Amino acid sequence: MREAAIARDMDTEAYAIYLEDVIRERSFEEAAEIITDERYDIYDDDDDMEDEDIEITMEELMEDPGMILDSNDALAAGARVYGLSTNDYRKIVLDEMNDLESSEEVEEEAAEEEQEPQPTASQEATTPQRQLTEDNAELLLQTVIDSSATALNLSSDQVSENLTLLKDAEALVLSTQTTGLNEEQITSMANHAMVSSARSVDKALEFDVETYLWLSLGLLLLILAMSSIAFFASTLFNRTGMALAIGGGIPFAFFLITMIQQLMDSADGLEYITITTLFDTDAILAGGEFGWGLVALGIIALVLYTLSHIIFTKKDLPL
């Protein structure tokens with residue numbers, strides 16, 4: 001545990017919370033797949049049910065974990081992830097449901113409090129930390145980081161890179177004085193920050209097969225479109241110099257324009273004169289709209305290769 005925690009820039013306490021969080025999500029993911037398969041068996045012939053309505057995602061299951069209790073196979077799948085018996089995993093699901101109910105009650109109470117008359121200026125002055133915690137948790141965390149840095153004679157960046165320093169005894173003393181929070185609250189905040197950072201790294205490192213396939217397809221279509229320009233020029237012109245100048249010059253110019261666009265912030269409008277922008281990697285990675293660009297690249301390649309074939313077969317070669 002200690003070595004694994006160090007490798008993830010955590011202490012053992014935060015790493016244990018991280019492991020529990022990962023295992024919990026994995027169990028819901030496995031259970032969601034089982035429930036989805038069962039729902040497909042039930043609703044596959046129902047024309048009123050779309051695939052999106054049938055499929056149950058991990059997020060949906062975490063919002064309504066009671067669905068797991070209705071499927072023995074889903075219970076067994078979730079239990080395997082934990083390495084527990086089905087009955088023990090059932091207790092975990094029931095605890096999850098109770099926690100959700102408690103959270104909803106807290107949210108309802110908070111909503112009722114918001115409808116109550118606003119406190120006076122003197123009342124606000126006596127509870128600054130409560131307002132800070134509710135309205136801006138990130139600002140509160142930064143305050144704790146700055147206080148810890150001051151107590152340890154370090155920079156805030158150094159503390160941000162090693163959040164375990166927030167639990168240092170000297171840092172805790174100054175942080176409690178600055179924020180009005182107790183040591184338990186600050187420790188919990190530090191654990192949450194470390195876990196969130198580790199989960200962000202995990203998400204960034206996840207291999208998305210679908211995104212990889214779209215990137216590969218887009219790159220293939222871009223290469224075909226570029227090569228079709230060179231091939232078309234070689235069939236259109238009789239002289240090698242003209243074929244090389246046009247067939248090689250235009251693709252090179254497209255790549256050069258793309259480089260200039262990426263290096264210069266003020267190079268707006270250049271994306272409209274190069275076909276490389278049709279291969280929008282940012283949109284593919286972000287899950288945005290990119291399909292029409294790939295279709296356009298495919299059309300360019302198809303049209304130019306087809307014209308090249310027609311021109312070449314009808315051409316009287318100057319031998």
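Among contacts in the protein between residues at least 6 apart in sequence, what percentage join residues at least 24 apart? The share is 56%, where contact means heavy atoms within 4.5 Å. The model is predicted, so local features need pLDDT of at least 70 and side-chain atom pairs count only at pLDDT 80 or more, while totals for chains, interfaces and linings use all residues. Residues are numbered from 1 along each chain as its sequence is written, and side-chain values use heavy atoms, with hydrogens and water left out.

**Overall make-up**
- The protein has 17 helices and zero strands; these are DSSP runs numbered from the N terminus, with helices being H or I of at least four residues and strands E of at least two.
- Of the 319 residues, 27% are buried; buried means under 20% relative accessible area, exposed over 50%, and partly exposed in between (1.4 Å probe, protein chains only).
- Carbon and sulfur atoms hold 55% of an accessible surface of about 21000 Å², computed by the Shrake-Rupley method with a 1.4 Å probe, where for residues only the protein chains shown count as cover.

**Nonpolar core**
- The largest nonpolar core has 21 residues, and Met10, Tyr18, Leu163, Leu166 and Met194 touch the most other members; such a core is a set of buried Ala, Val, Leu, Ile, Met, Phe, Trp, Tyr and Cys residues joined through side-chain atoms within 4.5 Å.
- Helix 2 (12–43), helix 10 (137–152) and helix 13 (183–205) each supply at least two residues of this core, and helix 13 gives the largest share, seven residues.
- Leaving aside neighbours within four places in sequence, Met194 is in contact with residues including Asp9, Met10, Leu163 and Lys167.

**Salt bridges**
- The whole structure contains 10 salt bridges, each a side-chain nitrogen of Lys or Arg within 4 Å of a carboxyl oxygen of Asp or Glu.
- Glu13 and Lys167 form one through their side chains (3.0 Å, N to O). Glu13 lies in helix 2 and Lys167 in the loop between helix 11 (156–161) and helix 12 (169–179), so the pair ties together parts 154 residues apart in sequence.
- Glu13 is partly exposed at 41% relative accessibility, whereas Lys167 is buried at 18%.
- The side chains of Asp21 and Arg199 also meet in a salt bridge (3.0 Å, N to O). Asp21 is in helix 2 and Arg199 in helix 13, so this pair links parts 178 residues apart in sequence.
- Asp21 has a relative accessible area of 21% and Arg199 one of 22%, and each counts as partly exposed.
- Arg26 pairs with Glu30, with the closest N and O atoms 2.7 Å apart; the two are four residues apart in helix 2, about one helical turn.
- Salt bridges that share partners join Arg8, Asp21, Arg24, Glu25, Glu96, Arg199 and Asp202 into one network.

**Helix 14 and the surface patch**
- Trp214, Leu217, Leu220, Leu224, Phe231 and Tyr305 make a nonpolar surface patch of about 500 Å². Patches consist of residues with over 30% relative accessible area and no salt bridge, joining like charges within 9 Å and nonpolar side chains (Val, Leu, Ile, Met, Phe, Trp, Tyr) within 5 Å.
- Helix 14 contributes the largest share of the patch, five residues; Leu217, in this helix, is partly exposed at 35% relative accessibility.
- Thr211, in helix 14 (residues 209–236), is buried at 13% relative accessibility. Beyond neighbours within four places in sequence, Thr211 is in contact with Ile284 and Leu285.
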